[in-house]
Amino acid sequence: MRNRWLVPVGAIAATLVIAACGSSTSSTGGSGSGSGSGSSSATGALSTMKVGSATLLTNSKGFTLYWFVPDTSTASKCNGSCAKYWPPVLGPVSAGSGVTGTLGVITRSNGAKQATWNGHPLYTYIGDTAPGMNKGNGLNLSGGVWHEIALSGSAAPASGSSPSGGGGYGY
């Protein structure tokens with residue numbers, strides 16, 4: 001099953017280089033341009049996008065945001081190689097139109113500030129190569145399950161199970 005991830009290695013490597021060049025660890029407040037790759041942004045405005053029957057939380061470029069089950073409200077458990085596939089959304093961020101919930105920041109193990117939503121550290125997924133994709137939803141990778149953040153509607157079925165109702169997350 002791991003072999004299916006070997007195909008996009010070249011694309012992943014190129015995206016990582018672009019993401020590394022455009023990332024910022026600035027911890028100053030306010031909403032900025034959110035420059036960088038589609039994978040992570042610092043001090044940007046979060047947005048929403050309709051994907052299937054759900055309205056998902058996205059970064060300013062329309063990339064789906066995810067949360068990781070092993071995380072806590074004060075610590076990311078996705079570091080090292082995990083963060084290469086699941087780039088943290090750098091913070092602080094602001095709420096764009098339609099974004100509900102509480103936004104905040106945590107300090108990652110490397111000292112960078114990571115945005116949170118309702119206590120969940122936020123990530124994008126390197127397999128989502130265009131806005132509106134949600135290929136990371138329901139994946140059990142890097143030591144836990146990943147979920148998209150559905151603000152309304154039903155989240156996409158995740159590996160044979162379909163959550164009912166909104167929220168898009170649970171314990």
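Strand β8 is joined to strand β9 (residues 144-148) by two bridges, and the two run antiparallel. Strands here are DSSP runs of E with at least two residues, helices are runs of H or I with at least four residues, and both are numbered from the N terminus. Two strands count as paired if DSSP finds at least two bridges between them. Within this pairing, Asn140 has Val145 of β9 as its bridge partner.

The model described here is predicted, so local features need pLDDT of at least 70 and side-chain atom pairs count only at pLDDT 80 or more, while totals for chains, interfaces and linings use all residues. Residues are numbered from 1 along each chain as its sequence is written, and side-chain values use heavy atoms, with hydrogens and water left out.

The pairing of β8 with β9 belongs to an open sheet of three strands in the order β3-β9-β8, with antiparallel pairing. Its edges are formed by β3 (66-68) and β8 (140-141), each of which pairs on one side only.

Strand β5 (residues 103-107) pairs with β6 in the antiparallel sense over five bridges, and Leu103 has Trp117 of β6 as its bridge partner. The hairpin of β5 and β6 has five residues between the strands, and there Gly111 takes a positive phi near 90°. Strand β6 also pairs with strand β7 (residues 120-121), again in the antiparallel sense, over two bridges. Here Trp117 stands opposite His120 in β7. This hairpin of β6 and β7 has two residues between its strands, and Asn118 in the turn has a positive phi of about 50°.

For the protein as a whole, the secondary structure comes to two helices and 10 strands, which follow the pattern α-β-β-β-α-β-β-β-β-β-β-β along the sequence. Of the 171 residues, 39% are buried. The accessible surface comes to about 8,100 Å², with 56% of it belonging to carbon and sulfur atoms; such areas come from the Shrake-Rupley method with a 1.4 Å probe, and for residues only the protein chains shown count as cover. Among contacts (heavy atoms within 4.5 Å) between residues at least 6 apart in sequence, 61% join residues at least 24 apart.

Key. Buried means under 20% relative accessible area, exposed over 50%, partly exposed in between (1.4 Å probe, protein chains only).
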